[in-house]
Amino acid sequence: MKKVSITLLVVSIVLFLSGCSVLEQTKTLTQCSYNLTGISNVKIAGVSLDKVTDVSQLNLMDAAKIVAAIASKTAQISFDANVAVKNPTVNTATINKLDWKILLEGNEILEGTKTTPTVITGNGTTNATIN
């Protein structure tokens with residue numbers, strides 16, 4: 001009986017401490033500021049748009065791929081959103097998973113999930129890439 005209660009006590013302490021850690025990290029993340037610093041590696045239907053500043057810069061084949069994908073509603077869009085996360089506290093926090101959505105005039109047009117962990121050190125700024 002003593003062995004079971006000691007094991008339960010140890011498990012309870014570990015769960016309590018990990019719970020405190022999650023609460024502390026959550027509090028730290030709410031105190032951080034988040035600024036979009038840029039968008040890169042933009043592709044629509046596999047066509048890179050990174051160096052395209054005007055539609056006239058697309059060749060005929062690339063333009064046709066994009067138009068066909070949009071017309072058939074199968075256009076795959078990918079990009080990297082670069083976000084600077086500034087942590088004003090002394091505590092380090094980690095974003096382990098982030099679900100994101102992009103809205104245009106209140107309508108959801110894209111969604112995704114970032115699953116690569118991002119560590120935000122105390123009193124520091126970290127550049128996070130969301131793709």
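Which order do the strands of the open sheet have, and is the pairing parallel or antiparallel? Select the four strands and read across them: the order is β2-β1-β3-β8, and the pairing is antiparallel. Strands here, like helices, are DSSP runs numbered from the N terminus (E, at least two residues, for strands; H or I, at least four, for helices), and two strands pair if DSSP finds at least two bridges between them. The edge strands are β2 (47-48) and β8, each of which pairs on one side only.

Before going further, note that this is a predicted model, in which local features need pLDDT of at least 70 and side-chain atom pairs count only at pLDDT 80 or more, while totals for chains, interfaces and linings use all residues. Residues are numbered from 1 along each chain as its sequence is written, and side-chain values use heavy atoms, with hydrogens and water left out.

Next, select β1 (residues 33-44) and β3 (residues 77-87), which are antiparallel and joined by nine bridges, and find N35, whose bridge partner in β3 is A84. Continue to β8 (residues 124-130), which runs antiparallel to β3 and is joined to it by seven bridges; here V83 has A128 as its bridge partner.

Keep A128 selected and show its contacts (heavy atoms within 4.5 Å): leaving aside residues up to four places away in sequence, A128 touches A81, N82, V83, V85 and T118.

Move along β3 to N87, which counts as buried because its relative accessible area is 2%, where buried means under 20%, exposed over 50% and partly exposed in between (1.4 Å probe, protein chains only). Its side chain reaches the backbone oxygen of T121 at 3.3 Å, and among the residues that N87 touches are T28, C32, T92 and I120.

After α2 comes K73, whose phi is positive, near 60 degrees.

Notes: A polar contact is a pair of N or O atoms within 3.5 Å; within protein, one must be able to donate a hydrogen and the other to accept it, and residues adjacent in sequence count only if both atoms are side-chain atoms.
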